[in-house]
Structures are given as C-alpha cells and as structure tokens.
Amino acid sequence: MNIIKQLFVFVTAIVFLTGCWDAKELNDIAIIAGIALDEAENGEIMLSIQSMNQKEFAEGESPSNAPGVMYSLQGNSISNLMAKINNIEGRQPIFSHTRIMIISESIAKRGIKEYLDVFERNPEFRNNLIILIAKDSRAKDILTVTSPTHGLATLKLSKQMDMFHKNWSGITNVELIHFIDNLISKGRQPLMGAITLKNKSNIDDSTTNLQNIDLNQNVELVGASIFKDDKYVGDLNLENTRNYSWTQTTFNGTNLEVPCEENKLKEEDYTSIKVLRGKRNINTKIVNDKPIINITISGSGIIQESQCSANLSSQDVQDEITRKSETLVKNSVENTINFIQKEYGLDIFGFGEVVERQNYKEFKKLADNWDEHFKNAEINVDVKMYIHSEGKQVESFITNLDEEDE
Amino acid sequence: MKWTKMLFTREKNSETKSLSTELDDITENVKSIFKDIESNKKVLKSLFGETIDFVIDDVQLGKRKGMICYFNTTININLLTDVVYKPIQHSNEINLNDGIEKLEEVVFSGLPVAVTDTYRDIIKNLLSGHIVIFIESFTKVLSIQVADVEERSITEPTSQTVIRGPKDGFVESIHTNLSLIRRRVKSQYLRFESMTVGDDTLTSVAICYLENITNEDILNDVRKRLNGMKVKGVFDSGVVEELITDHPYSPFPLMFSSERPDTVASHLIEGKVAIVVDGSPFVLSAPTVFVDFYHTTEDYTNKYFFASFIRIISYVAFFMSLTLSALYIAFTTFHYELIPTLLLVSFQVQSDGVPFPAVIEILMMELTYEILREAGTRMPRAIGPTISIVGTLVIGQAAVEAGVVSSFVLIIVALSAISSFISTDYTFSASLKLLRFFLIIMAGFLGLYGILWGWFIISIHMVSLKSFGVPYASPIAPFILQDHKDAVLRLPNFKTVTRPSYMKTKKTNGNKSQDGSSSMKEGDNWS
C-alpha cells in the first residue's frame, strides 16, 4: 500500500514537474538549411540564416514561391544573434539540419577562430557541418541562390560536394570538426572548400532562377582555400585541389587525361582514364633536421575515352599508357607540392602528422616551426598505376580509320 | 484511502450462502434415503420446489413400487424411453431381494449407471443430466446418465485462424473438447482430472496433462489454485484465468487461451497443463511464457525459414505496436535531429495546418480507433459494415482534409493498431494497447528519455513476472540457449526434438511433433 502511494507521488512528480521544457511543436519551428557569416561595420559580424519554406518541398505541389527565407542580423556574438533572430522571424529556428556554413573572404582574412566555438559548443549543431568560403561575393548572397533541382543552393551544395568528391576528388568535404582538428594540429594547416557565385546577368532575381534551364545564378565549386592558422592566405585551383587529394586518405577517384603523344606540337589528342581507386603510402625520414618524405601513390582505373589511333588491344600500347599516366600523376602532384612549398610554405598536406606518427622524437624538435621545415623538405613521389579494363570496346574505331588512311 | 483498500484487497467473505454449503446443510438434515417412496418424494419436492422441468414418475419394478425422477431439460427423452422404461416393463421376473445392484447388472447393463446413497450425490447427478430411480425399501438409488444438451457442432476457430493447418476448434461442451484433445494426443499418459468450480453454477473444469512429462510442482500448483477459487459463477475460462493467475494486476496475460485443439495438444507435449472449462470454447494452458504469444500453428506447417521470418516480423510488430506512436511524438517534438531533413520537411508541411500538439493528435486518433474497434466488435452483425465506412471515410479521410490530424499521424496510428493484432492471443493485444498509451504519455512529456523510462519499467516488470513458477521472459531472460531452437526463431522440426527446459519436464527428450508420432512408434512395437 505504502509503496503504491509513494510510487504514485514519484511518477506524478516525474511526469508533471519535469517534462516538456524543450518540446517544440512542428508548426512552430523553422528548419535552417544554411548559415552565413559576413563582415559588418564597426568590426561587428553579420549572421545570416536561411530557413526552408516547407510548403515548397511538399509532395505533389510544384514549387512556385521562394523555397526559403533568409534573415540577417548583425552584432557581436553569434549565439546572441541566434537568440535574437525572432525579432525578424516568427518561428523558432532549429539548427540540427544545417549542413552548410559559409564564411566570407573578408572575415576569413581577419581570422575565424573566435566564431567557431559556438558551433562546437551548442548541441544543436552537427559536427559534420560543412564549412565553406565564399570567393568574390558576400557569403549571404550564396544563401539567396535558388536551385530548380534542390530548391535551395545550400541543399544542392552538400550533394554537389559529395558527388564532385566522389567522381573527381575535386574538393574535400571540410567539416567543422576536421577544420578545428587541423587548426590545433601542429603537423597540418587547415584547408577549406571554396565556392563562388556565378551571376550571368545582373538581374538579382532568385525565384525566376527556378524557371530557367540555363541558370542565371549558380553556386560553383572553385577549389580550396589555404589557411595559415585561422587566417585565409591563398587559394588552390581545381587542378591543384585534385592533386592535393592524391596525397590524402580521402581520395576517391578522378579522371586523367593522358596525351597520346608527348611533345607533339599540333593540337593534342588524349586518352582518358577513369581512376576508380587510389591509395597513398607515405614514408618519412628525418636526416639532419631535414625531413625526407616519400609518397607512393597506387591507383587503378579503366580507359574511358581514346582519341588516339594507337591500338589498345596491344599490350605494348597499354603499358605505354600506364607509364604515361604514372608520369602525369607524378608530375602534377610534385608540381602542386612544390608550388605550395615555394608560394606558401604551409603544410596543408598533413605530412607533419605522418612524421609525428613515424618519427615521434624527431618531430618533437621540429614541431614548433614545422612549416619552415616543410618548406625545405625533400619530397619524392612515386606512382604505380594499373589499368584493368578498356570499357566496352577494345580497339577504337579511330584505329581502323587511321589504318585505312594509310 | 478507502477506495484503494477496496481495490487492492481481495473480497474475503461472501454475504449469501453458496450452493455448495447449502448442499452440505441438506445432507446434514437428511442423512440418508428413506425406505418409503412417499417420504423421498416429499424431500425432493421440498428441494426443487415448483420448477416445471422436474419430473417424478411412479413406476412398478417387479413387485415393488418405484419412482423415477429427472429434469427433462437435461436429458434425452427418447433415450430415456429406450434404455429405462422399456427394460423396466420386462422386469417382472427379476427378484430384487438380492439388492439394487442386481438391477444394474441385469436390466441396465452397459449403461453409465451409478449406485448412490446420499442426497448430496442425488442432487448433483440430477442437475447434471442423470435420472434417479428410487425403489421401495432400498436406501440406495440408481442414477443413470442419459444427459443430452444441445450443443454447437465443431467449427473453424473464429479468433485464431490459419491458412494451412487443422481447422477444427473447441466448442462449448467440455466433453467434446476433451475428446478433441484425446484425439490429438494418443498417449496412455494423458490424464483428465475433473473438479467443480463456481458456487452458483457448479461448472465442471478439467485439468489435462501428460503424466510422464508435466512437472509435478506445476500440476499441484494448478490443482491448489483451482480448489482455492472463490467465485459465484464461471461462464468462461477468462474468469478462471483471472482468479488463478499469478499476478492479477499485471497487464500481461500469464495464461494462454486457445481455441485450437492442436495448439493445446502441442502445449501438453511441451509439459504444460491445460484447463478446460465447461461452457467455454477457450482452453487455458499454463505456465505460459512471453514467446508463446507469438507462436502460431502455421509456424510449424510452413517452411522453417519462412516461419522464422514471420516470427521476426511479429516481434518487430510487437515493438512497433508499443512504441511507434510514442516515437513519432518524441521525434517531432523533441528530437528533430534524428529525422532526415526532407522527411522532417514533409512532417512539417503535414502538421502546418493542424492546431494541436502532436501528443494530443496521437491520443485523439488512438482513442477514436479504440472506439471504432470496440463498436465494431459489439455491433449487431447486420450493421457491421457501417463501422468500416464510418471508420475509413469519415474519420480517416475527412479528419485529414479538415485539418484536425495530419495524415502521418493516421499512418502511425493505423500501423500500430494493425501491429498489435499479430499476436495469436487477443488478450495479449489488448494489454499492448494499454502499454501503448502509457508510452505515448511518457513520450509526450519526456521525449525519447520518456520512452526509455517506459521501456525500462515495462522490461523490469516483464522479467519479474512468473507464470506458475516459470519466468515469463524465458528463454530470453533468463537466457537459455538450447530453448532458442523454438523461441524467437524456429529451427527445422528435426532439430527441435527436445522440450523447453524452462518447463522442467520429467523427461527431457521426446518428440515435439504435433501428430503424436512418438506414440505411433510405440504402437508399432506392440503389434
């Protein structure tokens, strides 16, 4: 009897005195698809949030209105702005579905570390929030771009980056957590994906963008941005970003254009290889405080396109293409590394981390000015390629045509 | 708290005198049968009063006066004429000086005849379809069973149907039900024990078990509980179940009730005790474990991998019927991060026009469904289809179109309602419903944390239950690996030759097959 009474009081207290404090009804929330940080006057920061207009995503209704709404507020701290957002918006913003955060170039130049803590501390944000830098445009402008296929450019971006990374290894999905990891790592400098807003005409009209086939406004991936600590210092173009990816574990596959004949002056023909798998192995040594880094890249792929007259059924021709593709990868990766060494002297490749794992004691001595040592490091690249298929055809019809000509 | 006391203490003394104690009183007063017919007639008349179906017929038996009495509502009149009146007419030569037993041997040989000498037995026999023959100057009487009660023929079970498998079901007559069981289990060890329960109804109840298998402790427990029952009327096995169950306050049924003789037979072979109640087509079997409620006859008639697949689906359905509605509430009011973005958006579109919080929406629809279901069950058959029209069209479609509920809520409620019926036992699915409401309220207040607490409480309760000494959650908790051959999954029949070890049977290996092929083998040896 007594127990039942006690239990009754206990359960009633549990249920009615505690619950509901963080309950939000579905019709009171706004799903935030993207956030943007811009510089504002007086050293303040401008936070822009883009909420999805759920009605435009409803099943069975063709989109006709704006698929999202953007609000901007300026102030000193992001969390304060997030709390204040309801002075312009009627619903409670929820950030748990935010995948994209865009930072403007100007703010990145100033340094971004003070703005990142809130995203790591606030439990609403995901750790895999992708952070991107907006080149040549304000970050908030990216949020106004619409996409006929995905509704909002921010929704398109996360898919776009996944696909681009998968097919071409063009840009790494730098997520917030990786960025911060790289920032605090002594053997690596952070990198961030870069996007830009392509405006065909000057008409700034986001909803008519939805009616166009050839988009007026579109968000494009342009490579990556190099950071020295938390400050933006320079860019990597798409080619260099791809070459950078060869040295990373996240490498997924790309496409190689191997010239048919080297040193030919006329307009060149190419054999195109789709690289399906790539693996890199790094061995490091430290000799007299000079790091020696040997990178072995192995990849495999299939021939996808042949503009040459060479007969692909011959083993010699295939060996030739393999050899050429190895040189191509070797040269381009070496070029990119040399470029970074000379131009920036920043170890964005994370070689320092490998050295730390492999030669811990030596690295401890070099750690404090690793970037200097990276600048002088001897870096050798060795490439092994393996081509295991020629696609649907073995011999190209071009081979036959050229033979007839002769 | 007077009401709690009333609720939680069992009623001890009944206010009116029960029939069985009355019978004792009668036999106190009238110890033995009078030699004089007229005195006996007087006693009987005072006992049964002016009821129109009680017949006292004076006859001449040899040279003595006799009297035949019976209730014409419980006996077969044609049979009575054939087996009693006709032989009596030719009984003049019989010398009755040798005693009344002589009559039994000569005139009524081959009939179910009993010789009794107390009024207590006479009353009982008369009420259960016997005729009683009094003869002058004898203090013993003959009672002959010529009972005949109109009964339903054996039909297909209505609540536990199968596609492939036996189609016969129990009926209301205890005799037919016992014969159905005996027909399935042709074992010389099959025992039927009879007892009478219900102070006012004197219902006969039979305990069935296999003497060579069933654990003695379980059997004694069943006997003890049935004898200790205090109840006025027993009209169905449900009454018995509630009175002898281990935990009457638990929402889970601790005894399995089945309409199917084959299910009961397979339970008997597993070492369970079946309780057949006269007047009820539902036979109880005990002890029962949780997994029994998800085993069907068809599990054994189908291929084992398909049966295992169906069982897994059933357990998924069990979890769904309990938690699906609660999960919807938790996800849409507390944990948006757990839903994919596009799904969340379409949830949001749906609930945009709905003015109520999700928990109210769900509770509203659950209650509507319960009302519909209950009305559909109680309604006269002729207007049954009205319910489905009202249910699907009016409540379902119109409620969504009117913006009272979102169509996702409708899907969720419908799915959890359907899932609850996958159990073979209706009582079990009814108890799931109550637990579902409990979880919905927990989720409404505390989100996933609440569901976690709810499940925590339910699981603790479930593993604490025992049915006649057998842990309710076995073979899952306590985990018994060897019994998993036929628990969550079903291995092929040739792999499942042992009986469940949690039943603590006398013999551990024996054939579990349902057609009693083990006794067939023994039969072969004898021939």
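Guide: This is a predicted model. Across the interface of chain B and chain A, the rule finds two salt bridges.

Visitor: Why is the pairing of Lys55(A) with Asp352(B) called a salt bridge?

Guide: The rule asks for a side-chain nitrogen of Lys or Arg within 4 Å of a carboxyl oxygen of Asp or Glu. The closest N and O atoms of Lys55(A) and Asp352(B) are 3.5 Å apart. The pair therefore meets the rule.

Visitor: Which helix gives the most to the side of chain B that touches chain A?

Guide: H13(B) does, with nine residues. By class, that side has 17 nonpolar, seven polar and two charged residues.

Visitor: How many residues are in contact, and what area is buried?

Guide: In chain B, 26 residues are in contact with 28 residues of chain A. The buried area is about 2,500 Å², and carbon and sulfur atoms give 68% of that. Tyr336(B), Gln348(B) and Phe445(B) supply 26% of the area that chain B buries against chain A, more than any other three residues.

Visitor: Now the sheet. What is the strand order in chain B?

Guide: The order is S6-S7-S9-S10-S8, in an open sheet with antiparallel pairing.

Visitor: Why do S6 and S8 of chain B each have one side without a neighbour in the sheet?

Guide: Both stand at the edges, each with a single partner strand, so one side is left without a neighbour.

Visitor: How do you know that S8(B) pairs with S10(B)?

Guide: Pairing needs at least two bridges. Three bridges join S8(B) to S10(B), so the two strands count as paired. In S10(B), Ser285(B) is the bridge partner of Phe256(B).

Note on methods: Residues are numbered from 1 along each chain as its sequence is written. Chains are lettered from A and ligands numbered from 1 in the order in which they are written. This is a predicted model: local features need pLDDT of at least 70, side-chain atom pairs count only at pLDDT 80 or more; totals for chains, interfaces and linings use all residues. Side-chain values use heavy atoms; hydrogens and water are left out. Contact means heavy atoms within 4.5 Å. Buried area is the accessible area (1.4 Å probe) that two parts lose on being put together, summed over both. Helices (H or I, at least four residues) and strands (E, at least two) are DSSP runs, numbered from the N terminus. Ala, Val, Leu, Ile, Met, Phe, Trp, Tyr, Cys and Pro count as nonpolar, Asp, Glu, Lys and Arg as charged, and the others, Gly among them, as polar.
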